[in-house]
Amino acid sequence: MIKKALHGLSMAFSMFLVFPIPCVWDDEARDHQLALFPLTGLVTGGLWALLFWGADRLGLPVMLRAALLTVLPIVLTGGIHADGLMDTADAVLSWRSLDERLRILKDSRVGAFAVITLSAVLLTSFASAASIEYSAAAAVLAASAPLLARTAAAIAMLTVSPLSVSSHAGGHKKLFAVFPLLLQLAAMGALWAALGIYALVFSGAVVLFSWLVMLFAVHQLKGINGDIAGSGIVTGELAGLICLVIMQSAGVVLQRGLF
């Protein structure tokens, strides 16, 4: 069991991050890979917060800081989740027959809906990042979004019926969803304890929007795959940034004076 978990962890980090991490590929550890995949969000979120802090310390211009914060998650993940968002948008927004939507989903070519959707997401992410004022609480909350969005995606991948054309068509053991669920609850509880009720609102927004986007795509495509999970991750992270901007604009003060 431990050996399979280690294989799954190496598979998750080598597949979903750009770092050259040694990997032992084991088809029998794919459930472990999905269950442990949210841990890659700790790396993405931690480096994002570090960049946020460093840009503030160096006094970088707001626009440059926003551009770096927008691009960093894409660079760290090799664009794999952004690619999933684009593929999903092309398929779902075509509003064609189910067979045609599934064909478009598997098509490697980029369509107009993919370009429009990614452009809208990047523009909104850039504007949100430019609007956030640095604080310890803001950095902590923003850093938690990648983890929370990935726990939602992992739970969905492990519990929702997969697409017939997916590489996960054989299905997964739903029991493995327990780990990302517990991780999600632990992260939300820690944020609540450290920063108060508004941190719980923030984390709830990330998880909720991730699920809403994924469920909409699942309804349109009659199943889930990695592309749909990626679309939930990207939109969940974006929802977190927007929520943070709204809270700062509303003058929300979190507990313990961190905001």
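The model is predicted, so local features need pLDDT of at least 70 and side-chain atom pairs count only at pLDDT 80 or more, while totals for chains, interfaces and linings use all residues. Residues are numbered from 1 along each chain as its sequence is written, and side-chain values use heavy atoms, with hydrogens and water left out. Helices are DSSP runs (H or I, at least four residues), numbered from the N terminus.

**Salt bridges**

- A search of the whole structure finds five salt bridges, each defined as a side-chain nitrogen of Lys or Arg within 4 Å of a carboxyl oxygen of Asp or Glu.
- Side chains of opposite charge can pair when their charged atoms come close.
- Arg-150 and Glu-237 meet through their side chains in a salt bridge, at 2.7 Å from N to O. This pair links distant parts of the chain, with Arg-150 in helix H8 (residues 136-159) and Glu-237 in helix H11 (residues 226-249), 87 residues apart.
- Both Arg-150 and Glu-237 are buried; buried means under 20% relative accessible area, exposed over 50%, and partly exposed in between (1.4 Å probe, protein chains only).
- Salt bridges with shared partners join Arg-96, Glu-100, Arg-103, Asp-107 and Arg-109 into one network.
- Within helix H6 (residues 98-106), Arg-103 and Glu-100 are separated by about one helical turn because they are three residues apart. Their side chains form a salt bridge with an N to O distance of 2.7 Å.
- Arg-103 also forms a salt bridge with Asp-107, where the closest N and O atoms are 3.6 Å apart.
- Arg-103 counts as partly exposed because its relative accessibility is 41%, and Glu-100 is likewise partly exposed, at 22%. Asp-107, at 17%, counts as buried.

**Nonpolar cores and surface patch**

- A nonpolar core is a set of buried Ala, Val, Leu, Ile, Met, Phe, Trp, Tyr and Cys residues joined through side-chain atoms within 4.5 Å.
- The largest nonpolar core has 67 residues, of which Leu-141, Phe-202, Leu-221, Ile-228 and Leu-244 touch the most other members. Helix H8 supplies the largest share of this core, 16 residues.
- A second, separate core has eight residues, including Met-86, Val-121, Val-234 and Leu-238.
- In soluble globular proteins, nonpolar side chains tend to be buried together.
- On the surface, Val-18, Phe-19, Leu-47, Leu-50 and Trp-53 form a nonpolar patch with about 430 Å² of accessible area together.
- Patches are made of residues with over 30% relative accessible area and no salt bridge, like charges being joined within 9 Å and nonpolar side chains (Val, Leu, Ile, Met, Phe, Trp, Tyr) within 5 Å. Accessible areas come from the Shrake-Rupley method with a 1.4 Å probe; for residues, only the protein chains shown count as cover.
- Trp-53, a member of this patch, belongs to helix H3 (residues 40-58) and counts as partly exposed because its relative accessibility is 39%.

- Thr-70 is located in helix H4 (residues 62-77) and counts as buried at 13% relative accessibility. The Thr-70 side chain reaches the backbone oxygen of Ala-66 at 2.8 Å.
- Beyond residues up to four places away in sequence, Thr-70 touches Leu-122, Ser-125, Phe-126 and Ala-129; contact means heavy atoms within 4.5 Å.
- Ser-125 lies in helix H7 (residues 112-131) and is buried, at 12% relative accessibility. With residues up to four places away left out, Ser-125 touches Thr-70, Leu-238 and Leu-241.
- The Ser-125 side chain reaches the backbone oxygen of Val-121 at 2.8 Å.
- Ser-203 is found in helix H10 (residues 197-221) and is buried, with a relative accessible area of 0%. The Ser-203 side chain reaches the backbone oxygen of Leu-200 at 3.0 Å.
- Not counting residues up to four places away in sequence, Ser-203 touches Leu-148, Met-188 and Leu-191.

**A buried loop residue**

- Leu-17 lies in the loop between helix H1 (2-16) and helix H2 (30-36), and counts as buried at 5% relative accessibility.
- Apart from neighbours within four places in sequence, Leu-17 is in contact with Ala-12, Thr-40, Val-43, Thr-44, Leu-76 and Thr-77.
- Leu-17 and Thr-44 are 27 residues apart in sequence, and their C-alpha atoms are 8.5 Å apart in space.

Conventions. Helix = DSSP H or I, 4+ residues; strand = E, 2+ residues; numbered from the N terminus. Polar contact = N/O pair within 3.5 Å; in protein donor to acceptor, adjacent residues only side chain to side chain.
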